[in-house]
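Q: I would like a close look at one part of this protein. Please take me through it step by step.

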Amino acid sequence: MSATMRSAIVIGAGVIGSSVAYEMARDGWSVTVVDKAGAPGQGSTSSSSSIVRFNYSTFAGVVLAWESFHIWLEWRAHLGAAQGEHVAEMMNLGVVMLDVPVMNIAATTELFQRVGIDYEIWNSKDLAARVPGIDVGKYWPPKSIGDAGFWEDASESIGALYTSDGGYISDPSLSAVNLADAAKRHGAHFRFKEEIVAILKSESRVLGVRLASGEELTADVLVNVAGPWSSALNKMAGVGSDFTVEIAPMRQEVHHVDAPPGMESGPMIGDLDVGVYMRSTPGGGFLVGGTEPECDDMQWIENPDQANMSRTQDLYDAQVTRAARRFPDLKVPPVAKGIAGVYDVSSDWTPIYDRSELDGFYLAIGTSGNQFKNAPGAGLIMAKLIDYVEGGGDHDTHPLVVTGSHTGLPIDLATFSRKRQRNENSSGTVMG
Ligand SMILES: Cc1cc2nc3c(=O)[nH]c(=O)nc-3n(C[C@H](O)[C@H](O)[C@H](O)COP(=O)(O)OP(=O)(O)OC[C@H]3O[C@@H](n4cnc5c(N)ncnc54)[C@H](O)[C@@H]3O)c2cc1C
């Protein structure tokens, strides 16, 4: 490290941590990434459904997703990866978001128009014509499969908001590995299998971290990108007293079945009408995840390390049966297949990309099950934010606005402030 080089420790080598590391290393920081796992992308990134869509409830959220989408499209160039390097792929298959009261189509399309995202509004006939095998019944509100109402025929039909852009990233953990390798090419160091157990600080500023081994690492700034463990890190740093949104880990499951006929390479389906999202997989499979329907108990947990990381038969039955309501030809094998994972949920399902009240301690947390897609842009805005604040900028009173290089549009980071007014337009679900 040169005498003038500023140093950073990034806490967590998930897809967002690795992206922050890459952008900061590119900007000339001496970056060390510490992760208690053995490789990049082994935390919540590893269980991600890695869906890419643009339906968010805030303008900044939509711009960030659209900017990031363009980076995914040019992934190899973004990374500076050689032709032979195995890199993740943007599966650009489109997004069908069924029309439900908690996701206002008029508000979303107004944001799409401002950002320049092409969309189509489909009635139920369009939906039936464009999505093979779909049942276009409107079943709102979602019901538990033990509720007799779940099996009742629909009396109305449903439409959708469609974007031909969007889909999913072929391999979420690989994309974190790609970013880590790119960061390494710019001099970043990764320390795996090292757990941070304390944040070292003076009266007013961070000094570094202590590892479980007892070793202490010093740095000018620390970035908390610890995914569902972020609150534990905030506690170690003694930050959070000025947050207006709460952050807590929530257990989730995503189930795996064969794609129904015709949907092997179909668009992603957001179906809050029955309470699931679905997407195809590269091998003809179909992932089914939940959208926090009110009829289900949410699985808030204290400690992500103690979460049951196996799928359960009950939730499998519930989610896959809901998917089969929408795709009647979907086969529901009796034995559950799928994974469990943990979201880092903020009370308005919008992330915090911000500084904290402790100088030098930065936050990329509260990603609420919906920020995988935004990892490329999140790395970029965090690097710019840290540069701004370390250069003397008062982000709390004069929030940084970053201009997206693809859209030329402003991303007002006030939207992601730890001290924001709660986002009242949030769907109150993973959709943000
Ligand atoms: C089931 C599931 C489905 C999802 N689906 C989607 C989706 O379809 N689309 C989308 O956009 N988003 C989705 N998400 C959200 C997205 O995957 C996450 O927002 C994203 O992966 C978070 O990345 P991260 O780098 O912030 O955190 P993580 O990937 O969780 O990484 C945090 C890292 O911090 C490390 N760490 C924690 N504490 C310590 C410590 N004390 N010392 C050292 N290391 C530590 C952990 O080992 C971990 O590797 C989903 C998430 C889940 C769980």
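How many Å apart do the C-alpha centres of domain 1 and domain 2 lie? And please look closely at strand E3, which is among the elements on the side of domain 1 that touches domain 2.

A: This is a predicted model. In it, the C-alpha centres of domain 1 and domain 2 lie 28 Å apart. The domain assignment builds domain 1 from 7-87, 171-246 and 348-416. Domain 2 takes 91-166 and 247-346.

Now the contact. Domain 1 supplies 32 residues, and domain 2 supplies 32 residues. On the side of domain 1 that touches domain 2, the elements giving two or more residues are E3, helix H2 (59-73) and helix H7 (230-237). H2 provides the largest share, with 5 residues. By residue class, this side of domain 1 divides into 16 nonpolar, 13 polar and 3 charged.

Next, E3 itself. E3 belongs to an open sheet of 3 strands. The order is E3-E8-E4, and the pairing is antiparallel.

The partner of E3 is strand E8, residues 167-169. The two strands run antiparallel, and 2 bridges join them. At the residue level, Val-52 stands opposite Gly-167 in E8.

Note on methods: Residues are numbered from 1 along each chain as its sequence is written. This is a predicted model: local features need pLDDT of at least 70, side-chain atom pairs count only at pLDDT 80 or more; totals for chains, interfaces and linings use all residues. Two strands pair if DSSP finds at least two bridges between them. Helices (H or I, at least four residues) and strands (E, at least two) are DSSP runs, numbered from the N terminus. Domain bounds come from an automatic or database domain assignment. Two residues are in contact if their C-beta atoms, placed from the backbone, lie within 7 Å. Ala, Val, Leu, Ile, Met, Phe, Trp, Tyr, Cys and Pro count as nonpolar, Asp, Glu, Lys and Arg as charged, and the others, Gly among them, as polar.
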